[in-house]
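Student: I would like to learn how to read a protein model step by step. Could we begin with what lies inside and then turn to how the chains meet?

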Number of protein chains: 2
Amino acid sequence: MRAADLTAPPHHEVAGRSAAPRSRAELTGPARLASFFAPRSVAVVGASDTSAWARFVAASARAVAFAGPLIPVHPLHKTVFGITPARSLRELTEPADLAFILVPQSAVEDVLDEAAWAGIHGAIVLASEYREAGPAGQAHQERLAARAAAHGITLLGPNCLGFVNMHAAVAPFALTVPPQLQAGPVGIALQSGALASAVLGFARSRAIGVSTLVTLGNEAMITASDVLEYLVADERTEVIALFLEQIGDAVSFARAAMKADRLGKPIVALKAGSSPAGQRAALSHTGALAGDDAVVNAALRQLNVIRVTSIEELLTTAALLGYCGRPRGRRMGALTASGGACDLIADRASAVGIEIPPFAEATKASIAPHLPPGLEVPNPLDVTGHFLADRRDDPLTPIDHALDAAVADPGLDFVLFCGVTLPEARPPSEAIAYLAEERVTWIGERIASAPIPVIPVSTVCVDLTEYQRGLLTRRGVHPLGGIDLGVRALGHALDWAEGRGKASAWAGRRTEAPSMWHRRSLGHIDATSMRPDESSCWSENEARELLAGFGVPVVPAELVDSPDAAAHAAARIGFPVALKVCSSQIPHKSDIGAVALGLGTAEEVKASCAQILAAGERAAAGHVEGVLVAPMRGAAGIELLAGVKADPVFGLVLAVGLGGIWAEVLGDVSLRVLPVDHEEVGRMLGELRGLPLLRGARGRTPADLEAVADVIMRLCAAARHLGPALGAVEVNPLWVNGDHIEALDASIVTEGNIR
Amino acid sequence: MRAADLTAPPHHEVAGRSAAPRSRAELTGPARLASFFAPRSVAVVGASDTSAWARFVAASARAVAFAGPLIPVHPLHKTVFGITPARSLRELTEPADLAFILVPQSAVEDVLDEAAWAGIHGAIVLASEYREAGPAGQAHQERLAARAAAHGITLLGPNCLGFVNMHAAVAPFALTVPPQLQAGPVGIALQSGALASAVLGFARSRAIGVSTLVTLGNEAMITASDVLEYLVADERTEVIALFLEQIGDAVSFARAAMKADRLGKPIVALKAGSSPAGQRAALSHTGALAGDDAVVNAALRQLNVIRVTSIEELLTTAALLGYCGRPRGRRMGALTASGGACDLIADRASAVGIEIPPFAEATKASIAPHLPPGLEVPNPLDVTGHFLADRRDDPLTPIDHALDAAVADPGLDFVLFCGVTLPEARPPSEAIAYLAEERVTWIGERIASAPIPVIPVSTVCVDLTEYQRGLLTRRGVHPLGGIDLGVRALGHALDWAEGRGKASAWAGRRTEAPSMWHRRSLGHIDATSMRPDESSCWSENEARELLAGFGVPVVPAELVDSPDAAAHAAARIGFPVALKVCSSQIPHKSDIGAVALGLGTAEEVKASCAQILAAGERAAAGHVEGVLVAPMRGAAGIELLAGVKADPVFGLVLAVGLGGIWAEVLGDVSLRVLPVDHEEVGRMLGELRGLPLLRGARGRTPADLEAVADVIMRLCAAARHLGPALGAVEVNPLWVNGDHIEALDASIVTEGNIR
């Protein structure tokens, strides 16, 4: 098939569409994806009854009761899916909105050409051996995407298993859609398609309704950010669940996430890669403290994206946010029929910062008549099973009456209701079944009318049976799967609610040329001696000068080249002093004994200076600039660390933490993707475990946190002006004693490509 | 019924038993409990068809196919359980081994008398309003236990829902036994009976077989430790799962746990109470750092008891240890059919310290032919779904061949197998069903024959269906519920295996009188002024003297009472010096400005001394002993904290951590229940995050850790000799500079009952 064949697309008019759009935005924008994800007819190219993929696609269509035609296309087979297939897309007898292309990689592009000829505007490509197969595969993939774009075809994949749109009842999906999967509020996008089985399996088990699930494949055209934007715009999606292996285009992702936050549509992300295996070695503390995964944590939190660590937590959190209303605060009432459940709830709630205040007196008074006489009415409450001793005709049990009272308690923000217990199947006794069903109806109505959210939760995470799913969801009761997952989800939901409206987009990685100032500042180092792709440490003196240029206060110091000069400098500065080697080749000075602290006399200074010069020569012969002489800063004050490093995905990342010897030992650090403002830096300081020390614990002078934040902002400015050459800029220690703030040491690493 | 009625027990001879034992050990020892938990006949006293409890008991007997008679006993009803009940235990027409007593609390003791008359040796009491109802209830409970003991009746409860013994097929159990619950290796004891439904529900869902499940109720006679001992001795129990609200008798618990460790029978405990709400305020850092729950953590770890935080984790860990063999090390091979599953496994494994080394070349060569051409064979491995494109007749899939190769890899200790996928129900096609079943048979055999353990795991935690449970468990395949729970369980199992043989029992709380030495040491404080139940702080000088008496090196210091005396002392000691108020009424000296550091001249000393005396008088008029003058210890060295506190459950607890201002800010502390030996103290130091500082990071002098441990052992000796009066003994800071170790400050709190 050649491009010339594109002249007469037979179904173009039939489908009533305009000429093919060509720009990426047109092909993958939310409006275009809304129609891409709701095709009225689907051609399955390469379908055969011997392929499990094809059988899955046919079964998925049946599972969601797809109303449109599912058109098998195969050049050789007589029957597929029990009907005669079209021999190719050119021979379709009815229009198709989407082609699900199952053919081998080598045949895919020809099929795309045929699809274009047939007026098809969307395609899914199953074949692999593209990007994941190395440079040749990457080239194939780029050619594929370009071909699709040239045809005006929106392309999902390759190496992709398709999607399921429950509300549109369409599932071009090469895995199993579990029976009785429900349509609902949770939109899902997965960077690992094969996980979709597990994700949908769990969703079905816990009756968590899905809007659209998309497997992303290699993202040759439609990216994770595109699908995120589509889900944010999709009215049937109330909450978005993501499985991410990598965030490719951080800026687009941030834009979509910001929009979701504005709309109040929570995003829950299971982001893989938290193991340190894949993290790169780093020259600076900032690099080590701001490891890849810690940066992901910070970056997602800045966008108010909830991060979770398991599929179960992903979907349970999404279910809570999609079904259960949004609590206004952290004060929980908890109702159970088990003392052990109360214990578990209290422990898990404490772990995520949920409060469990006592019930109001009026609440207690309302609940007490439904409990055994003399029992307390504590929160969390165990209503006990005392009522089981006698026959009952009332559908409501004591825990239901407790719910009725608790939702009116003015001291609560929400109620955790661990009281939905149902038989696995409809009881044979009509009377008992009636009682159970009446009770669920009452609970559903009470939840709907309650002035505060009610979060139903089961004690453990087991499947809801078909009977239970039907009974509960029809009545709007959506119990979360177990106390552990449920309370964890609540913690996430509360964090999300508190983070709303504070999200800030990332600047992303800068790629433009260094600024004027930057080129000037590089005069300090011999850029011509550096090779591309090589990291380069600046000497401490060079780093001090750059930072001072941006107004960062640096401790006064003199660079000397002999013991005698050191002694004179020390006399000018005042004893005691510190001596340090100054060399771009010695980033960790104290490791080689090239630092001396607390020198009180000229003799000590001379002796130490000689030792340091000797150690420096041993470590970096010919690259020692000299020895820095600086005044000692005493036991008073506190040592912080502040640094900015370049992250390949997110751009500049600021780290603020405890410094000095504590930096690497304790890892007490707060991270942000830049830009940040002065206030945000203040919040970073507020997150440190060491905050009490800054605030003046144990009789210390309280630090001037405003002034500290100001210095850190100046450090950020210095880092920004190094442009794409920046590796890391770091001050450690940043000494703080009241409003006296000084960089006691400074280091800068630039990448080799600064010419 | 009176005691006189005991003379003629009609069934005593029938049952062929010896005279009733009376000692607690006889009534609740493992041999006695083995027969208690396997009754051949059960009388249900107070049974009626209107009581849900009674219906549950009858249904539970049916659910486990109880072979013996279940005898209803009720004075009024004509029929119960479809038969005519006995009017009382005196009117039984057949012998009963056990009475399940459902009558109200007020009638229980009479029923016990009747049970004794009838020769019944075991009873379960459902009624509540005992210990949980306050002092009167506690008295009832003690009377109940005494009555049972007098009759030689072993009693479970009260406020108890009974037990299930799956291997003996008996279930006097007032909750639902889920259908198809399997007999198996997991013994369970619960301090919250109502949780049993959730526990058994999860066990059934994941096909986790149970040996005996016991709900403990109020433990009037049979305690948690008794049941633990029984389960340790029970041959059908391979692993023990506990839900604990409190560890009542710590010494018995420790004894049973030590035995379990010797036998290689793991104990997994879900211990409630981790929320700080219930924790008591503490006067010392040691008290704050060694909070109740942190002590529980340390205590359980010392016994090699695995601690978990959810029911799902409890049972998944137990299932792994009960079914899957015990890995010899941490090197894991992981096989999946999904890149996303690989990501999740890598992340979760990293979080629990599991290594995932590359496969051996021979392993790769064996696996490669089963993968698409050119694909790498990394670990973890995604076999992909490429084979689904074509029809297949071989029951084995690529992941099975990968399993076959991986179990022979010499670089692996175990294989995580995320490849057991089965349809929910038997497929209608006999050929497909046959393939699936043949495959599971092969997997079961391969697991059984593999030289290293194979841990099957599903991707997410959903129920196994009845078809899947039957198919898998008959073939010895027991997949764990999801990657998240499965890998967490693996981490626990590996920790347990590494901890084996190192468990050490606790000494428990000492209650004997203070030793001779102790009484002597108390001469320092005015014991007559103390009220019982009141905590008392010693002055620093008193504390220094006690510690010095045990050989703890204390910094030289002089107690002075005037600025002039302070200046003279400082001159003797050498400048710079530190000044501190000395008073039993001022535990936190620096908070009130009664500490001055780094004073370099006599003038500074005088001025500071005057200020400190004034501050001391303001804070504790009339209770200031004077001012301590001590030499400054400099910037070199590191400050630790070492303290011993009395825990009401476990006895003396040692805390070792970073000290000085870092103690409360960072909470870097290691805890042990005493006794410990010198080596164990060394291990405690090795657990600190601050260890690199002790080891000499960044050019510091390495600490003499042997000498530090020796000082801490001396501190422990001092604490032990305070006997039951001990509240807390603490040295903070314990200054360490190489082998120079000194207590720079010391505090002691004793309880008021020291007279």
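Tutor: Let us start with burial: a residue is called buried if 20 or more other C-beta atoms lie within 10 Å of its own. Please keep in mind that this is a predicted model. With that cut-off, buried residues make up 55% of the 755 residues in chain A.

Student: What does chain A contain in the way of helices and strands?

Tutor: Chain A has 25 helices and 26 strands. To see how the chain folds back on itself, look at contacts between residues at least 6 apart in sequence: in chain A, 75% of these join residues at least 24 apart.

Student: Which strands pair with β21(A)?

Tutor: One partner is β24(A), residues 726-737, which pairs with β21(A) in the antiparallel sense over seven bridges, and there Gly643(A) has Glu730(A) as its bridge partner. Another is β22(A), residues 651-658, which also runs antiparallel to β21(A) and is joined to it by eight bridges; in this pair Lys645(A) stands opposite Val653(A). A hairpin of three residues links β21(A) to β22(A).

Student: In which order do the five strands of the open sheet in chain B lie, and is the pairing parallel or antiparallel?

Tutor: The order is β2-β1-β3-β4-β5, and the pairing is parallel. At the edges are β2 (70-73) and β5 (154-156) of chain B, each of which pairs on one side only, and the twist averages 20° from one strand to the next.

Student: How are chains A and B related, and through which surface do the copies meet?

Tutor: A rotation of 180° with 0.1 Å of shift along its axis superposes chain A on chain B, with an RMSD of 0.0 Å. That is the relation of a two-fold axis. Moreover, 100% of the interface residues of chain A are also interface residues in chain B, so the copies meet through the same surface.

Student: What does the side of chain A that touches chain B consist of?

Tutor: In total, 63 residues of chain A are in contact with 63 residues of chain B. The largest share of this side of chain A, eight residues, comes from α12(A), and by class the side has 30 nonpolar, 22 polar and 11 charged residues.

Note on methods: Residues are numbered from 1 along each chain as its sequence is written. Chains are lettered from A and ligands numbered from 1 in the order in which they are written. This is a predicted model: local features need pLDDT of at least 70, side-chain atom pairs count only at pLDDT 80 or more; totals for chains, interfaces and linings use all residues. Copies are superposed by least squares on the C-alpha atoms of residues with pLDDT of at least 70 in both. Two residues are in contact if their C-beta atoms, placed from the backbone, lie within 7 Å. Helices (H or I, at least four residues) and strands (E, at least two) are DSSP runs, numbered from the N terminus. Ala, Val, Leu, Ile, Met, Phe, Trp, Tyr, Cys and Pro count as nonpolar, Asp, Glu, Lys and Arg as charged, and the others, Gly among them, as polar. Two strands pair if DSSP finds at least two bridges between them. Axes are lines fitted to C-alpha atoms, for helices over the stretch in contact, and angles run from 0 to 180 degrees between N-to-C directions. A residue is buried if 20 or more other C-beta atoms lie within 10 Å of its own, exposed if 12 or fewer, and partly exposed in between; C-beta atoms are placed from the backbone.
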